[in-house]
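Here are my comments on the model you sent. Please read them with the coordinates open.

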Amino acid sequence: MQTTAAIGNKEFLQRTKQRTTLLLWLEWTGFFILLPFVLRIWWHPQIVFATLFFATIGVAIWLLRNRNFNRKLLWLGRHVRGEWNQLKRILLRFIICGALIAALVLFVFPGNFLDMPRENPVVWAIVMIFYPLLSVYPQELIYRTFFFERYRSLFRSKIATVFASAIGFGLIHIIFQNPLAVILTLIGGVFFAETYARTRSLRLVWFEHALYGCLIFTIGLGEFFYHARVPIQ
């Protein structure tokens, strides 16, 4: 028979857990749902870049201070021995989807096909080098590694976590003010989150994201993800 003290302690722990869960929901809603709309309304490139920079720093500090997070797996992932098989899976999906994206551009935007490497080869080369480092890596650190570690208790299944991560990733692209950017990143977000859920490898998911991102800028859809094309409010 439980004592009054034990019952009281159990109720206290339950209330504490409920408060923690509520705060996590509020934090998740503010960071991944409300923030994109704020950045969309008060759009300015410097604000977006500053937000990504400070968010990346904050997320990195949280991960490094989190004792439950195995920092050794941050880059390598838990399936290092089978990494080649995982890589082949990523490349096969990329070949299929890349062909579909190329067909989309040729059919809907034929004048855009390979426009950046044809018209601005130097700019294209710079994007191919720095985009994976300065944009893809911070995004994957936030939307995959941090997301899965910080909010996994909110979503009861792997599938729910994958789709929640993808929705947040797609939603942030409303800042570019065109539906194609949101649709493509929502689909890509499902791919990337599924890869991370399966491998827990930041290295693999960074590589996969970089493949699609570089393809987008190469194939002729870069203008839909280019901040200079967005009117400043």
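Predicted model: local features only at pLDDT ≥ 70, side-chain atom pairs only at ≥ 80, totals over all residues.

1. The largest pocket has a volume of about 1,500 Å³. Its lining counts 50 residues, and Y131, S135, F176, F217 and F225 lie nearest the centre.

2. Helix 6 gives the most, with ten residues.

3. By class, the lining of the largest pocket comprises 35 nonpolar, eleven polar and four charged residues.

4. The whole structure holds eight salt bridges. One of them joins the side chains of R89 and E194, at 3.6 Å from N to O. R89 lies in helix 4 and E194 in helix 8, so this pair ties together parts 105 residues apart in sequence. R89 is partly exposed, at 46% relative accessible area, and E194 is also partly exposed, at 23%.

5. E194 also forms a salt bridge with R93, with the closest N and O atoms 3.3 Å apart. Because R93 lies in helix 4 and E194 in helix 8, the pair ties together parts that are 101 residues apart in sequence. The salt-bridge network here links R89, R93, E194, R198 and E208.

6. Which residue does E140 meet in a salt bridge? The partner is R144, at 2.8 Å from N to O. Both residues lie in helix 6, four residues apart, about one turn of the helix. E140 and R144 are both buried.

Note on methods
Residues numbered from 1 in each chain as written. Heavy atoms only, no water. 1 Å grid on protein atoms, 1.4 Å probe; cavity = no way out; pocket = protein on both sides within 12 Å on 5 of 7 lines; lining within 4 Å. Points joined across faces, edges and corners; volume = space filled by probe spheres on them. Helix = DSSP H or I, 4+ residues; strand = E, 2+ residues; numbered from the N terminus. Nonpolar A, V, L, I, M, F, W, Y, C, P; charged D, E, K, R; others polar. Salt bridge = Lys/Arg side-chain N within 4 Å of Asp/Glu carboxyl O. Buried < 20%, exposed > 50% of the residue type's maximum accessible area, 1.4 Å probe, protein only.
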